[in-house]
Amino acid sequence: MPKVVNLALQGGGSHGAFTWGVLDRLLEDERLSFEGISATSAGAVNAVVLADGLAAGGRDGARDALRVYWQKVSALSARGVFKPSLVDKGSSDFGLEHSLGFWFLKMTYLTSPYQMNPFNHNPLKDLLAEAINFERVRGQTALKLFLCATDVQTAKVKIFPGKELRVEHVLASTCLPLLMQSVEVDGEYYWDGSYAGNPAIYPLVYDCDSRDILIVHITPSERPGVPTTSPAIMNRMQEISFNTSLIREMRMIASYNKLIEQGRMSGGKLMLVHVIEAEEFIRAFSWTSRLNANWDFLQHLHSMGRARADQWLEANFDRLGIESTVDLDTKYF
């Protein structure tokens, strides 16, 4: 019997191609199966594409669907302002500082998407509608999906369950407020889920049977040194805000587990936490690289994700269902 795990997929723009690589490797290993996926932003897109591919063609179908989706992302980007210049392509940090998109990013701090894009054109909407069969996603039963968005007016995390998913739910989870107008869903307005849950863990605790939660962590929580330039400061502010909710939930799970282990909570479910990390890779990249969807860069991220997943499986597979493979006190306290 395969070991059943839940997945928690962070957002991170094009850095989500690292998660694609992780999923590609995990899908190869038939000793594993997935029960639930909680995901945000790029992680949410990966989750929905995975579910659609599984429903259409099993594990191979899911792997094919993920590759086709990221190819489409790269093709779309090549026609936009975030296409890297020749100088950018020669840079080891994969930034976009010499592209037209870099100047567009600077403008976002002076004017909002409501002024720069008054007709709310969003190419991602058409891409998602083309790449994903949402009716099939809503009807599939192989995975429990939980997509995270942030309610603009209440600051609360909103969880969209798989049986309800439409294009606008994924757009809500991926909505960066300086680049896109807020997304309306059923009369409420949402921004990127990373602000309130990157991703939210509690649906995997309360709505899934498996005790194992595997987090694919791509937004750096640690970054040595103090930023002193405006872009570096804003980037670090975003990294901190995108990790705060996850750190808080991990601390709660650690405390919850201790109560169970000490016999002070009867009937509780001891949660087993695992992490596949990209932090040290991402820290070496430019802050603009998360908008770089050049195919060479996406393939590089994919390869790193596959390699890191392979290393994690080799070191930790036998511990699944038995114990956590990350020290929650050390990592999150």
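Biologist: How much space lies in the largest cavity?
Modeller: Keep in mind that this is a predicted model. The structure holds 1 cavity of 30 Å³ or more. The space in the largest cavity is about 140 Å³.

Biologist: Which residues are the closest to the centre of the largest cavity?
Modeller: The lining of the largest cavity counts 16 residues. By class they split into 6 nonpolar, 7 polar and 3 charged. The closest to the centre are His15, Pro220, Glu239, Ile282 and Arg290.

Biologist: Which element gives the most to the lining of the largest cavity?
Modeller: Look for the element that contributes 4 residues to the lining of the largest cavity. That element is α10.

Biologist: Which element supplies the largest share of the lining of the largest pocket?
Modeller: The lining divides into 21 nonpolar, 17 polar and 3 charged residues. α2, α5 (113-116), α6 (123-131) and α10 (230-261) each supply at least two residues. The largest share is 7 residues, and it comes from α2.

Biologist: How much space lies in the second largest pocket, and which residues are the closest to its centre?
Modeller: The second largest pocket holds about 390 Å³ of space. Its lining has 18 residues. By class these are 12 nonpolar, 5 polar and 1 charged. The closest to the centre are Tyr109, Leu178, Tyr195, Gln238 and Arg290.

Biologist: Which element has the largest share of the lining of the second largest pocket?
Modeller: Here the largest share is 6 residues. They come from α10.

Biologist: On to helix packing. Are α1 and α2 roughly parallel or roughly antiparallel?
Modeller: Two packed helices are described by the angle between their axes and the distance between the axes. For α1 (residues 16-28) and α2 (residues 42-77), the axes are 9 Å apart and the angle is about 25°. Angles under 35 degrees count as roughly parallel. Therefore α1 and α2 are roughly parallel.

Biologist: Is the crossing of α1 and α2 left-handed or right-handed, and how many nonpolar residues has their contact?
Modeller: α1 passes α2 in a right-handed crossing. The contact includes Trp20, Leu23 and Leu27 of α1, and Leu50, Leu54 and Leu66 of α2. By class it has 3 polar and 5 charged residues, and the nonpolar count is 11.

Biologist: How do α2 and α12 run, roughly parallel or roughly antiparallel?
Modeller: The axes of α2 and α12 (residues 295-316) come within 9 Å. They cross at roughly 150°. Angles over 145 degrees count as roughly antiparallel. So α2 and α12 are roughly antiparallel.

Biologist: Which residues of α12 make the contact with α2?
Modeller: α2 passes α12 in a right-handed crossing. From α2, the contact takes Arg63, Arg67, Trp70, Gln71 and Ser74. From α12, it takes Trp295, Leu298, His302 and Arg306.

Biologist: Now the backbone. Which residue has a positive phi although it is not a glycine?
Modeller: Most residues other than glycine have a negative phi. Look in the loop between β2 (32-40) and α2, where Ser41 lies. A phi of about 55° belongs to Ser41.

Biologist: Is the peptide bond from Asn198 to Pro199 cis or trans?
Modeller: Pro199 lies in the loop between β6 (188-192) and α9 (202-206). Most peptide bonds are trans. From Asn198 to Pro199, omega is near -10°, and the bond is cis.

Note on methods: Residues are numbered from 1 along each chain as its sequence is written. This is a predicted model: local features need pLDDT of at least 70, side-chain atom pairs count only at pLDDT 80 or more; totals for chains, interfaces and linings use all residues. Side-chain values use heavy atoms; hydrogens and water are left out. Axes are lines fitted to C-alpha atoms, for helices over the stretch in contact, and angles run from 0 to 180 degrees between N-to-C directions. Angles under 35 degrees count as roughly parallel, over 145 as roughly antiparallel, 65 to 115 as roughly perpendicular and the rest as oblique. A crossing is left-handed if the near helix is turned anticlockwise from the far one by less than a right angle, and right-handed if clockwise. Contact means heavy atoms within 4.5 Å. Ala, Val, Leu, Ile, Met, Phe, Trp, Tyr, Cys and Pro count as nonpolar, Asp, Glu, Lys and Arg as charged, and the others, Gly among them, as polar. On a 1 Å grid over the protein atoms alone, a cavity is a set of points where a 1.4 Å probe fits but cannot get out, and a pocket is an open set with protein on both sides within 12 Å along at least five of seven lines; lining residues have an atom within 4 Å of a point. Grid points are joined across faces, edges and corners, and a volume is the space filled by probe spheres set on the points.
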